[in-house]
Amino acid sequence: MNWEYLFDQLAEHGFVVIDDYLNEEMFVTTTGRFTVLIDKNELAKAGVGAQKDRLVNAAIRGDYISWLNKDNPDEAAFLDAMTELRGLINQYCCLNLGAQEFHFATYPPLSFYSRHFDQFKENSNRKISFVLYMNEAWLPEHAGELRVYTKAGSEDLAPIRNRLVLFRSDILEHEVLVTHAERKSITGWFLHKEPELLFLT
Ligand code: OGA
Ligand code: MN
């Protein structure tokens, strides 16, 4: 992976697309874990906004999520890989990102996520957004693209298998277009610091 080039793209355009991101073994293991959670119905309707104004609002976002944690070995392995990626981001982008958070997400057919930024108004802890697509056979008619808004206009990115999109949480406005098939991803954020330490700032 030519990280120097990729992180240059991130700095220059506000986002970068990395196809075939995860090694095949980890992709398969992580997909297996995701499938178990889906089959056990363990994903919950996602909310909008931080803490107390978390509104569950299907008019804004229609996805169901499950946060990854270290209790499950497959999730732990994925999170360890993310700690490594965070190290690369810190190194190449001269950042000092101290924490991270990731969730599995499924969008049922006809759902979407309206145009938004990933930084909450009330805090700027989210610095770099991460979306990895887990869709085995995505077809153009399934739609559900990630639309990113740049200075030059907008670009639509199909949520194809093992495609990673990294983007600046503060400046890149984006949306998930209406999907016509179940759309699966792992979405996450590289954070300035652990959310529970924010009161120290
Ligand atoms: C989000 C989001 C994009 C995607 O969860 O905040 O914008 O392509 N997801 O799933
Ligand atoms: Mn978003």
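Q: How many bridges join β1 to β9, and do they run parallel or antiparallel?
A: In this predicted model, 4 bridges join β1 to β9 (residues 164–168), and the two strands run antiparallel.

Q: Okay, and which residue does V17 stand opposite in β9?
A: V17 faces V165 there.

Q: Which helix packs on the sheet and touches β1 and β9?
A: That's α1, residues 3–13. The direction of α1 makes about 145 degrees with that of β1.

Q: And what does α3 touch?
A: Helix α3 (residues 73–93) packs on the sheet too, touching β4 (99–107), β6 (126–133) and β11 (183–191). Its direction is at about 120 degrees to that of β4.

Q: Zooming out, what's the strand order in the sheet?
A: It's an open sheet of 7 strands, ordered β1-β9-β6-β11-β4-β3-β2, and the pairing is antiparallel.

Q: Which strands stand at the edges?
A: β1 (15–18) and β2 (44–45). Each has a single partner strand, so one side of each has no neighbour in the sheet.

Q: Back to the helices: how do the axes of α1 and α3 cross?
A: They come within 10 Å and cross at roughly 75 degrees. That makes α1 roughly perpendicular to α3, because angles of 65 to 115 degrees count that way.

Q: Which residues make that contact?
A: From α1, W3, E4, F7 and A11; from α3, L88, Y92 and C93.

Q: How many of them are nonpolar, polar or charged?
A: The contact of α1 with α3 has 6 nonpolar residues, no polar ones and 1 charged.

Notes. Residues are numbered from 1 along each chain as its sequence is written. Chains are lettered from A and ligands numbered from 1 in the order in which they are written. This is a predicted model: local features need pLDDT of at least 70, side-chain atom pairs count only at pLDDT 80 or more; totals for chains, interfaces and linings use all residues. Two strands pair if DSSP finds at least two bridges between them. Two residues are in contact if their C-beta atoms, placed from the backbone, lie within 7 Å. Axes are lines fitted to C-alpha atoms, for helices over the stretch in contact, and angles run from 0 to 180 degrees between N-to-C directions. Angles under 35 degrees count as roughly parallel, over 145 as roughly antiparallel, 65 to 115 as roughly perpendicular and the rest as oblique. Ala, Val, Leu, Ile, Met, Phe, Trp, Tyr, Cys and Pro count as nonpolar, Asp, Glu, Lys and Arg as charged, and the others, Gly among them, as polar.
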